[in-house]
Amino acid sequence: MTTPINRRVLFVDDTPTIHEDFRKILANDAAVSDLEADEAVLFGTAARTDSLQFEMASAFQGVEALDKVKASLLANTPYAMAFVDMRMPPGWDGVETVERLWQEDPRLQVVFCTAYSDYSWKEVLARLDVRDRLLILKKPFDGIEVYQLASALTTKWEMTEQAAFRMNSLEQAVEERTRELSNANIIVQNSPVILYRLRGEPTFPLIYISHNITKLGHDPKILLASPKWAETLIYPEDQAKVGEAMARVLVKDAQGASIEFRLCTGDGALRWVENRYVPVRDQEGRLIEVEGIIIDITERKAADEKITLLARTDGLTGLANRATFTERLAQSFAAAQRGARPFAILYLDLDKFKPVNDSFGHPVGDLLLQQVAQRLKSCTRVTDLVARLGGDEFAVLQGEISDPASAGALAAKIQTALGAPFLLDGNEVHISASIGVSSYVASSPGPDTMLVQADLALYRSKDEGRNQYHFHSHELDQEVLDRVRLAGEVVQAIDRREFELQYQPQVELASQNIVGMEALVRWNHPTRGRLAPGLFIPIAEKTGTIVALGHWVLDQACRQMSLWRGEGLKLPVIAVNLSLSQLKRSQELIRDVTETLARWGLVPSDLEFDVTEATLAQLTWAQNDVLPQLRQLGVKIAIDDFGSEYSSFDYVRAYRVNHLKIAQSFINRSTTDPECAATIRAIVNFAHDVGIGVIAQGVETKQQQDLLTSADATTQAQGFRFSKAVGADRAGDMLREGRIDRRGESFTDESTQVQVILAPAA
Ligand code: C2E
Ligand code: MG
């Protein structure tokens, strides 16, 4: 403290001359210079070379003194001391004055000045009850005594103030620190972080552990006292790896280590914790302590596990997903190669899933997938793995089979299970499944190939009418390979002019007039003979070569139409089949159509595109708007094979198509199945009502023809009853006649069937 000492002194005496004396004494420094030196020794104040500067004030009565004290306090310049006379008539005497002054300022030090007393000193002391601020100076007094008292008491006043100030600051600091510590303690108690310290020498005893270990059911005192605290806390299986982490910390210069382990709680449960060790070393690098932080990560661990599980399962059905399936497949394959029991893969695809989705909505579609998943699970053993590979594709890994026939048995069981009706959100839904089976044999090339094989077998099941299962076989491989090879030859075959278009007339039932021709492609293969489109179109579709072929077909059909027109033949429309790949490349297709029509001098309405229901469903799925664009252009659209899959009138409405081509399978059954006949009538009526034309496909008999005519004579028909698909010349002849008169006898001509010959590759 460097503030100047408070040397303010108040004289309280009714005798003015006494005041004069006091002032003289305190102003006279020469007389007291020796005393200063003593004071410096006594109270530790700096010895000064200059004299003490007292600030002196006078009051002649007690009341006046009180006013002065009050004023001094207000001005924040309190008096350090007062010399007070004992008798001051007519006002308060010395004792009363002091009592009043102390009420105002208890720090004021008082020297009573008296020659004699009206009180005994004992009485005075008892009444004032303060001994350390009161001195008595008996008259007549010596100047040196007065000076010494003033000097010592003013110094003492200042020192008492400073001590009080220091004490106060200290108390505040202690209070603050205590508050901080208690806050920190609360944070530690409430935090999931447990802190501890180990002494940095074997056996690394625990010297501190934060109290919140009690939350995990342990008493810190017991742990601190136990040499086996680590065994108590660490799950036995994890003790070795914790030991390793600790060893890493002990290596000189190690910064620390972190490890996750399971901590045993006091009540026998386990919590996952993350533990960090921080070594504390002295300047020489010697380990003094190891500080540890334990964080409870049980919840995070659980979330991690859930994420891992989610990454391995299909969210909708809870079955394994593709990744898990292929992983297990690889394991089973490796095990079988090492001599474990063989296994089989069943690759499954739901027939008619898309129409369920389309007509009942996605939520019902989802329900169906979930119920299918349950039924699949109920058909299999725990050792089998059921997976959803995506969309409506499922797979079963059938483990440990002794006989390939058991895979067939499972396939049949699954088909029966899925054949039972599903009750979905109040709707009864029927589906079936096509299945491809691939069983492990010693010569199986690898897990991936097995999956491809199962897929090929599935493809065969679908191809042969669905709701069946097929085993993969060597022959199947050959056949598929062969088809793939064939698809690879398509582009070359276009250049070599191996393709040919045939035309099948479409007639109006009432008049028997030819109202259209459908262009159907054939491949005059140099080694395999004439190939029907069913043999190469689907695979060309898969390999993408269909696009080039489709381009060629469109050009040829339009060319032929143009030639016929040039000859003056009447043909309202030429029909061309479109495949999904062509439709998917919408801009390319639209350009191609526009250019081709222009090239052959045709208008868009001369052209009708056949698009199958299945293709339409896929386009809708992909939200492709190529069909509306084609309609905009003025090209006609017919829904091919209508009724074969979905019989959905939604498409009819959505795309404002020109024709429905009733599937041949329907027409076939129409004469034997009354329900089927009724459906055909309903379709015809509906189409009539909404102004859409109907073309019955594959009409072969008079009976079928009659049935259709009775439903609506404006119906058109196409089929062997009228004509098979024929070459351009023969078709031209028909057009010249203009009509095919088939009102009379029945007609079947086996020779018109296109021969399907699959010769071995050259
Ligand atoms: P589609 O468009 O439904 O054609 C009708 C098919 O039924 C033709 O078989 C035709 O020969 C056959 N057919 C017609 N009337 C009768 C009948 O009374 N009885 C029987 N049993 N069959 C009849 P094709 O020519 O073998 O064509 C099969 C499929 O190949 C076509 O079915 C079509 O989807 C596709 N296709 C044919 N040519 C092309 C083409 O140029 N491009 C595309 N993308 N697909 C084509
Ligand atoms: Mg067609």
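**Ligands, burial and backbone**

Reply: Take Asn 577 as a way in: one of its polar side-chain atoms is 2.8 Å from an oxygen atom of ligand 1. Keep in mind that this is a predicted model.

Me: Which residues come nearest to ligand 1?

Reply: Arg 522, Asn 577, Gln 664, Glu 700 and Phe 720 do, out of 19 residues around ligand 1.

Me: What does Glu 700 contact there?

Reply: An N or O atom in the side chain of Glu 700 is 2.5 Å from a nitrogen atom of ligand 1. The backbone also takes part: an N or O atom of the Val 521 backbone lies 3.2 Å from a nitrogen atom of ligand 1.

Me: How much of ligand 1 does the protein cover?

Reply: On its own, ligand 1 has 790 Å² of accessible area, and the protein covers 82% of that.

Me: What kinds of residues make up the shell?

Reply: By class, there are 7 nonpolar, 7 polar and 5 charged residues around ligand 1.

Me: Which element gives the most to it?

Reply: Strand E19, with 4 residues. E19 spans 514–525, and helix H18 (533–543) and strand E23 (636–642) also supply at least two residues each.

Me: Now the magnesium ion. What coordinates it?

Reply: The magnesium ion, ligand 2, is coordinated by Glu 518 (OE), Asn 577 (OD1), Asp 610 (OD) and Asp 640 (OD), at 2.2 to 2.3 Å. Along the chain these donors follow the spacing E-x58-N-x32-D-x29-D.

Me: Where do Glu 518 and Asp 640 lie?

Reply: Glu 518 is in strand E19 and Asp 640 is in strand E23, so this pair ties together parts that are 122 residues apart in sequence.

Me: Are those two buried or exposed?

Reply: Both Glu 518 and Asp 640 are buried.

Me: Switching topic. How many disulfides are there?

Reply: The structure holds 0 disulfides. As for individual cysteines, Cys 113 counts as buried because its relative accessibility is 1%, under the 20% cut-off. Cys 379 is also buried, with a relative accessible area of 8%.

Me: What about Arg 7, buried or exposed?

Reply: Arg 7 is buried, at 5% relative accessible area. Arg 7 sits in the segment before strand E1 (8–12). A polar atom of the Arg 7 side chain is 3.2 Å from the backbone oxygen of Ser 151.

Me: And helix H12, which residues are buried there?

Reply: In H12, which covers residues 353–360, Phe 353, Pro 355, Val 356 and Asn 357 are buried. Gly 361 follows H12 and has a positive phi, near 95°.

Me: Which peptide bond is cis?

Reply: One of them runs from Pro 89 to Pro 90, with omega near 10°. Pro 90 is in the loop between strand E3 (81–85) and helix H4 (94–104). The bond from Lys 139 to Pro 140 is cis too, with omega near 0°. Pro 140 lies in the loop between strand E5 (134–138) and helix H6 (143–190).

Me: Why point those out?

Reply: Because most peptide bonds are trans, and most residues other than glycine have a negative phi.

Me: Where is phi positive in a residue other than glycine?

Reply: Asn 76 is one such residue, with phi near 60°. Asn 76 is in the loop between helix H3 (62–74) and E3. Asn 76 is exposed, with a relative accessible area of 66%. Glu 400 also has a positive phi, about 45°, and is found in the loop between strand E13 (393–398) and helix H14 (405–419).

Technical notes: Residues numbered from 1 in each chain as written. Chains lettered and ligands numbered in written order. Predicted model: local features only at pLDDT ≥ 70, side-chain atom pairs only at ≥ 80, totals over all residues. Heavy atoms only, no water. Near = heavy atom within 4 Å. Polar contact = N/O pair within 3.5 Å; in protein donor to acceptor, adjacent residues only side chain to side chain. Areas by Shrake-Rupley, 256 points an atom, 1.4 Å probe, with all protein chains shown as cover. Nonpolar A, V, L, I, M, F, W, Y, C, P; charged D, E, K, R; others polar. Disulfide = S-S within 2.5 Å. Buried < 20%, exposed > 50% of the residue type's maximum accessible area, 1.4 Å probe, protein only. Donors = N, O, S within 2.8 Å, 3.2 Å for Na, K, Ca; no water.
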